[in-house]
Structures are given as structure tokens and as C-alpha cells.
Amino acid sequence: ISISKAGVLRAELYQCNRRFLEALQASVGPGGRMYTDSRASKYAREPLCTLRYTGAAAERVLRVVQRHGIIKALQAAAALEYLASEDAAARDALRRRVCDLNARKVCHDAPRRLCAEYLAGLFDAEGNCFVGRRGRLYVKITQPSAPELLQHVQAALGCGSTGERGRWKVYRKADALRVARGLLRHSRLKRSQLLAVVEIGRAHV
């Protein structure tokens with residue numbers, strides 16, 4: 001979520017899975033535009049896609065983020081105020097507030113909002129699993145820009161470690177299996193990884 005000095009408000013969603021963004025676009029409704037970077041992304045072979053909503057077209061996305069988000073909830077609230085305001089001074093103050101919140105990565109109401117659905121979405125966006133020989137495995141979520149969020153993840157799941165900067169990891173097999181099963185119920189993009197953990201976990205219990 002950003003507002004340029006020229007007053008252009010944008011809500012952008014990034015994902016290497018274009019089909020997922022297309023489904024999201026169909027759910028949100030008209031107004032979004034899709035862009036594809038021809039270069040492969042840093043963490044995947046597929047090019048990075050951007051779904052962008054500009055100005056008033058971003059309102060529906062912003063309302064969902066305001067209601068359910070953690071890191072971007074306050075930005076969404078300020079952006080909605082910006083859309084509703086006609087006062088130039090107020091709009092400039094709201095623009096600066098969005099910029100400041102983006103820089104500080106404030107976790108809003110995390111203990112209440114960190115539900116199973118949010119955790120699965122966070123894992124789909126920022127997580128992965130490792131399955132090695134002899135049943136060795138772990139589940140990981142990486143979020144270097146908002147380490148406070150990972151502390152809330154650790155508290156919500158009751159396991160894992162945030163000792164590595166910007167990463168939450170769970171190595172203990174019983175905990176990893178429990179976490180994978182919970183994420184599997186709501187995951188959309190990384191179900192195959194979670195299923196692999198569940199299957200290996202069962203085989204080595």
C-alpha cells in the first residue's frame with residue numbers, strides 16, 4: 001500500500017503464481033491490472049506477477065486488509081481515510097502516515113488476528129518445508145522485515161524458534177507434523193510441501 005507525492009494511491013499484491021492472482025482478481029472484482037516481470041524472481045523460477053489496484057479501485061482490497069491484516073492493517077485504514085478526504089492538508093498527513101507505517105512495520109492486534117487462515121496465508125507467501133533423509137524435516141516462515149510478527153507466530157503455535165534473524169523454524173518432528181496438519185487445512189499454494197511433511201512424519205512416528 002503506497003501513496004506517491006503526486007497523490008496516486010496503489011494497493012499491490014505480488015506473487016509468482018499468476019493463476020492465484022487471477023483468481024484473487026476475479027474475487028475482488030474489476031479495477032485491477034496485472035503486470036508480469038520478465039525476469040525470474042529471487043526465490044522461484046517463475047516470473048513475479050503484480051496485481052495492482054489504483055485509487056478508488058483499491059477500496060475493496062483495502063477494506064479486507066483493514067479488517068483482517070496485521071502488518072498492513074493500519075496502512076489500509078489510513079489509505080481509506082485518504083480516499084474519503086477532500087482536504088489537501090489531511091490527505092498529505094495521511095500520505096505521510098502510510099509512508100511511516102510502511103517503514104516501521106507495525107504489527108496491529110496480532111494476538112487476536114493471527115488465526116489459522118492468516119497463518120496459512122503467511123506460510124503460502126513466506127514459508128517452506130524441508131524434508132530430508134531418515135525423516136529429518138522442518139517447517140519455516142521467513143519475514144526479515146517484520147521479526148515481531150514471527151514472535152507472535154511462535155506464541156500462537158506454541159513451538160519453534162526465532163533464533164535465526166528473520167526466521168521462525170520448527171525442527172521437532174512432532175511439532176512440525178502438528179503445524180503442517182494445521183496449515184494444510186487452509187493452504188492454497190504450498191499444499192504439496194505440507195503433504196510431504198505429513199507423509200514423512202507418519203512414516204517415521
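Which residue forms a salt bridge with E164? In this predicted model, in which local features need pLDDT of at least 70, side-chain atom pairs count only at pLDDT 80 or more, and totals for chains, interfaces and linings use all residues, the partner of E164 is R167, the closest N and O atoms being 3.9 Å apart. Residues are numbered from 1 along each chain as its sequence is written, and side-chain values use heavy atoms, with hydrogens and water left out.

A salt bridge is defined as a side-chain nitrogen of Lys or Arg within 4 Å of a carboxyl oxygen of Asp or Glu; the structure holds 12 of them. R167 is partly exposed at 31% relative accessible area, and E164 is partly exposed at 36% (buried, under 20%; exposed, over 50%; partly exposed, in between; 1.4 Å probe, protein chains only).

D175 takes part in a salt bridge with R172 (3.3 Å, N to O) and in another with R178 (3.7 Å, N to O). D175 and R178 are three residues apart in helix α8 (residues 173-184) and are therefore separated by about one helical turn; helices are DSSP runs of H or I of at least four residues, strands are runs of E of at least two, and both are numbered from the N terminus. D175 is buried at 16% relative accessibility, whereas R172 is exposed at 55% and R178 is partly exposed at 40%. Salt bridges that share partners also join D92, R95 and R96 into one network.

L94 lies in helix α4 (residues 88-104) and is buried, with 11% relative accessibility. Apart from neighbours within four places in sequence, L94 is in contact (heavy atoms within 4.5 Å) with A78, E81 and Y82.
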